[in-house]
Amino acid sequence: MYYHIIKPRETLWSISEDYRVPFQSLIQANQIVNPNMINAGQSIIIPGLPNPNQIPYSIHVSVKNKTLTLMRNQSPIKTYPIAVGKILNQTPIGDFVVINKAPNPGGPFGTMWMSLSKKHYGIHGTNNPSSIGKAVSKGCIRMYNADVEELARTIPIGTRVLIR
């Protein structure tokens, strides 16, 4: 079971959108009587996601170095080059989880899309491999197609993604 710690200015509605979970499912899973009475620091269950503490993998993204490091039991396995967000569309800093995977999303997203627990952001491939190593995306983490496919085959849904 995955627990989300409510951040300042988050609402139950914004949390349901970030995790792509129906609003009513959040209310039911957490037995919330009044959706307007949630507080920063409060922990709520996100139904359908596994406990990331039981997943041996995590992903560490360095926006500055433009690298994504796959970890297993806190030990680095492999580091990949990435592209990150440009100045006006920066990659969000924080702790997220992979909430779904979509092969062959088409267009600029290359051969794989993995949604993060922040609406509109993900880890994906590219149809422009020359962009890797640069700050050119609209905030997403862009990888070579072969790399993102390898990563998607390795990690399960619920894997932590720490972006710094």
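Cys-140 is buried, its relative accessible area being 7% (buried means under 20% relative accessible area, exposed over 50%, partly exposed in between; 1.4 Å probe, protein chains only). The model is predicted, so local features need pLDDT of at least 70 and side-chain atom pairs count only at pLDDT 80 or more, while totals for chains, interfaces and linings use all residues. Residues are numbered from 1 along each chain as its sequence is written, and side-chain values use heavy atoms, with hydrogens and water left out.

Cys-140 lies in the loop between β10 (135-137) and β11 (141-142); helices (H or I, at least four residues) and strands (E, at least two) are DSSP runs, numbered from the N terminus. Apart from neighbours within four places in sequence, the contacts of Cys-140 include Ala-83, Val-84, Gly-85, Thr-91, Trp-113 and His-124, contact meaning heavy atoms within 4.5 Å.

UniProt lists His-124 and Cys-140 under "active site" (unreviewed entry). The two are spread over 17 residues of sequence but cluster in space, with a largest C-alpha distance of 7.5 Å. UniProt positions follow the numbering used here, feature names are shortened, and annotations may be inferred rather than shown by experiment.

His-124 belongs to strand β9 (residues 122-124) and is likewise buried, at 3% relative accessibility.

The feature "domain: L,D-TPase catalytic" (unreviewed entry) is placed by UniProt at residues 57-164. This span is 9% helix and 44% strand, and its end C-alpha atoms lie 17 Å apart.
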